[in-house]
Amino acid sequence: MRDYFADDLLLIMPTTHSPGVRLSGEVVSSHRGPLALALTDQTQAGDPGRARADEILIDLTGVRYLANSGLETLIAFAVHLQPPQCLVVRATADLNLHDRIAARGWDRIETLRLEDVSCA
């Protein structure tokens, strides 16, 4: 990944301790491309010593708004992973991800796991 992506609404940074990205701000439809690129970069074994990651983390704890198009981008990424790979989505309850994902039947996707984090 190019270290980070930033515009007036969103900041995307790589996580420091595991393969993945951390987002801060608001995710709108124009962020589909940068988000997909950031996630895809995390699945690539860029150097020969780096093994393929089984868990790719997307930390949404700093996100105030996640448009449906951003959620669809995450789902499309998760669907294309091959087990044991899994997209781990960490978010606060404010984004209502469990209900939004269950309403579309996406809660049955084997390569997607949600982690709730308290706002404290």
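## Overall fold

This is a predicted model. Of the contacts in the protein between residues at least 6 apart in sequence, 66% join residues at least 24 apart. The secondary structure comes to 3 helices and 6 strands. From the N terminus on, the elements run β-β-β-α-β-α-β-α-β.

Buried residues account for 42% of the 120 residues in the protein. The accessible surface is about 6600 Å². Carbon and sulfur atoms hold 50% of that surface.

## Helix α2

Helix α2 spans residues 68-79 and has 12 residues. From first C-alpha to last, α2 reaches 16 Å. That is close to the 16 Å expected at 1.5 Å a residue.

Which residues of α2 are buried? They are Ser69, Gly70, Leu71, Thr73, Leu74, Ile75, Phe77 and Ala78. An α-helix has 3.6 residues a turn, so residues three or four places apart point the same way.

## Gln42 in helix α1

Gln42 sits in helix α1, which covers residues 32-43. Is Gln42 buried or exposed? Its relative accessible area is 9%. The cut-off for buried is under 20%, so Gln42 counts as buried.

Note on methods
Residues are numbered from 1 along each chain as its sequence is written. This is a predicted model: local features need pLDDT of at least 70, side-chain atom pairs count only at pLDDT 80 or more; totals for chains, interfaces and linings use all residues. Side-chain values use heavy atoms; hydrogens and water are left out. Helices (H or I, at least four residues) and strands (E, at least two) are DSSP runs, numbered from the N terminus. Buried means under 20% relative accessible area, exposed over 50%, partly exposed in between (1.4 Å probe, protein chains only). The expected span of a helix is 1.5 Å times one less than its number of residues. Contact means heavy atoms within 4.5 Å. Accessible areas come from the Shrake-Rupley method with a 1.4 Å probe; for residues, only the protein chains shown count as cover.
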